[in-house]
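Hello,

Here is the structure for you to look over. My notes on its salt bridges follow below.

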Amino acid sequence: MVLTDLDNNGPALQRRSLLLGTASLLLAGCAPPVPAPPAVAAGPLTLLGEATIPYRFNFRDTTVGGLSAIDYDPVTGLFDLLSDDRSAAAPARLYRARLGLSAEGLHPPELLDVITLKQANGQAWPGRKNAVSGVPVPDPEALRRLPNGNFLWTSEGDLMRGFGPALYEARADGTLVREFALPACFAVGKEHGARYNLAFEGLAVNRSGTMAWVAMENALQQDGPTPTVTSRGGPCRFTLFDVPTGNAVRQLAYAADAIPIAPLIPGAFADNGVSEILPIDEHRLLVLERAYAIGRGMSLRLYQIDTRDGSDTLKLDTLTPANHQPARKTLVADFAHLGLSRLDNTEGMTWGPDLPDGRRSLWVVSDDNFNPLQVTQIAVFAVSGL
């Protein structure tokens, strides 16, 4: 999801205007954020540290921001950070970074390289100002590296120009290998397929790189409405792809919560949806729900599901309460109780290297939407009991 838009077009600009219009409500009397205290635990998660990347930080002639995905590469020990810039500030891209953790906390992020996402012809993807007929302007949202060095990435699509969401495979240098064929339920239509900016937001790949789950942020148009403060709306579809063949082989319905916080001004903008997924093991997924309400700020809640639970919806073009059973979910943590200096638009989540005591490390990154009122926040947690 993008609350602001570098091209100043469409619903994203409306959201930006609303956010800026309530800046005084959000910031009045607030001091600058301070580092979070170490070792704050809430259930299975313990905060180990957090760091930020400066607003509009320039790296190799690109503006760093909009970081919507994070993934750890165990071969190099580095992290990938995907920007959701629609080739506006610079061509669609990802960054390679070194993120260090010690007893003193999280070290300042060190950017090492920028990789431009490319089309099959080797050219960078176009932006809206240089759009090419027949070629979508990508909206990158999720990324996972495969064991062979390639990586998968998703785009929420270019719906204003008739292009739906997409799942791509690219080589290590960003060159396109293929686009996956999607089930018919995702076909773009007047009342069919994804909504603008509410599509492929999460991506999870198993350890062997053979299976990939792709998660919708909100319901497809034909599956129901978006959430409100009184209703959770229609289900989000999680689709499982066999990576070697490219075929979709299974699909689950996930019921996101109703918007947990009402906007300060009744009727003002508020939303909730899935912002990332991550495998716990071969069958279980972590699911991050991210909500925002004008004048009230963010809410972040982490759930887990078992993908063997719930009915297979792959062959259903339209979901109704009577024709499927959503996967059951269990709350793992509410980020409001984890000791972070602030909650922001967290959209990326990955497992990092195991900690010296044997626990897993969970890393998250927030998308600042290229907005001075937000922050690019990287945080790391120790995880036990999952």
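Which residue forms a salt bridge with aspartate 85? The partner is arginine 93, with the closest N and O atoms 2.7 Å apart. A salt bridge here is a side-chain nitrogen of Lys or Arg within 4 Å of a carboxyl oxygen of Asp or Glu.

Two points on the source. This is a predicted model, where local features need pLDDT of at least 70, side-chain atom pairs count only at pLDDT 80 or more, and totals for chains, interfaces and linings use all residues. Residues are numbered from 1 along each chain as its sequence is written, and side-chain values use heavy atoms, with hydrogens and water left out.

Back to aspartate 85. It sits in the loop between strand S6 (78–83) and strand S7 (93–98). Strands are DSSP runs of E, at least two residues, numbered from the N terminus. Aspartate 85 is buried, at 1% relative accessibility. Arginine 93 is buried too, with a relative accessible area of 1%. Buried means under 20% relative accessible area, exposed over 50%, partly exposed in between (1.4 Å probe, protein chains only). The aspartate 85 side chain also reaches the backbone nitrogen of alanine 88 at 2.8 Å.

Next, arginine 144 and glutamate 276. Their side chains form a salt bridge at 3.3 Å, N to O. Arginine 144 lies in strand S11 (residues 140–145) and glutamate 276 in strand S19 (residues 270–279), so the pair ties together parts 132 residues apart in sequence. Arginine 144 is buried at 3%, and glutamate 276 at 0%.

Aspartate 281 pairs with arginine 284 in a salt bridge at 2.9 Å. Aspartate 281 is partly exposed at 34%, as is arginine 284 at 22%.

The count comes to 24 salt bridges.

Best wishes

Methods. Helices (H or I, at least four residues) and strands (E, at least two) are DSSP runs, numbered from the N terminus. A polar contact is a pair of N or O atoms within 3.5 Å; within protein, one must be able to donate a hydrogen and the other to accept it, and residues adjacent in sequence count only if both atoms are side-chain atoms.
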